[in-house]
Amino acid sequence: MSEPARDDAEPVRIPDHDLDDLVSTVTQLVTATRKQNETLARLTDEEPSINDGTEGEAESDDGQTPASATAEAAPAASEKAPTTIFILALDGTAYSEELAALTNWLDDLLLPVYGREVTTSRPWCQQWQDHPEAVARLHALWLAWQQLTDVEAGLTGPSTWHRDHLDPTLLQLRTPDGPFGACTTSATRPNHRLLAFPQPPGA
């Protein structure tokens, strides 16, 4: 039996000292995110060296770069450049590192500020990392947060993030028929179950 919606619920008020801690955490997250972005940009912009340690061999007698050196440098460049930012397309270490960073952001910012109470009409799953849809949507939300809370996004960036990214994401994830529909609907009754998904023909 579902719990009735409570329209008269009191808004959650965060004590001032907790708010100070939250501001500090957000500042640290923004700084760490900016450093990660700078490192990624530096890695993708760097040209691989084609000099094998002997000066003067990078160019032929006519001043042109030898074709063999160019051919050797091309694969190195393609190996360093990321081919996607979609987390479900990442493999191994890249996926693990991205998921760990996403988890830190959720634990430090998203859930303390926007988590709200778990109810039958607003389920949640502590093991959200096991739900591919949740991972994909939350990661996309985090990427948008990184871009739209940057100074370069302008004064309307945070508002755009709330309207265009946060609200739709939470609506999709925490609806009763969303990916957490069979998971925790009460803080006193934790539950975790993956929902069945449509099988392709002939499977």
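Select Leu 110, Leu 111, Tyr 114, Gly 115, Trp 124, Leu 170 and Arg 174, and you have the lining of the second largest cavity; on a 1 Å grid over the protein atoms alone, a cavity is a set of points where a 1.4 Å probe fits but cannot get out, and lining residues have an atom within 4 Å of a point. This is a predicted model, in which local features need pLDDT of at least 70 and side-chain atom pairs count only at pLDDT 80 or more, while totals for chains, interfaces and linings use all residues. Residues are numbered from 1 along each chain as its sequence is written, and side-chain values use heavy atoms, with hydrogens and water left out.

Stay with this selection and colour it by class: the lining divides into 5 nonpolar, 1 polar and 1 charged residues, where Ala, Val, Leu, Ile, Met, Phe, Trp, Tyr, Cys and Pro count as nonpolar, Asp, Glu, Lys and Arg as charged, and the others, Gly among them, as polar. About 40 Å³ of space lies here in the second largest cavity, a volume being the space filled by probe spheres set on the grid points, which are joined across faces, edges and corners. Helix H3 (residues 92-114) gives the most to this lining, with 3 residues; helices are DSSP runs (H or I, at least four residues) numbered from the N terminus.

Next, select Val 30, Thr 33, Arg 34, Asn 37, Trp 145, Gln 146, Thr 149 and Asp 150, which line the largest cavity, with about 60 Å³ of space. Helix H1 (16-45) and helix H4 (132-148) each supply at least two residues of this lining, and H1 gives the most, with 4 residues.

Technical notes:
On a 1 Å grid over the protein atoms alone, a cavity is a set of points where a 1.4 Å probe fits but cannot get out, and a pocket is an open set with protein on both sides within 12 Å along at least five of seven lines; lining residues have an atom within 4 Å of a point.
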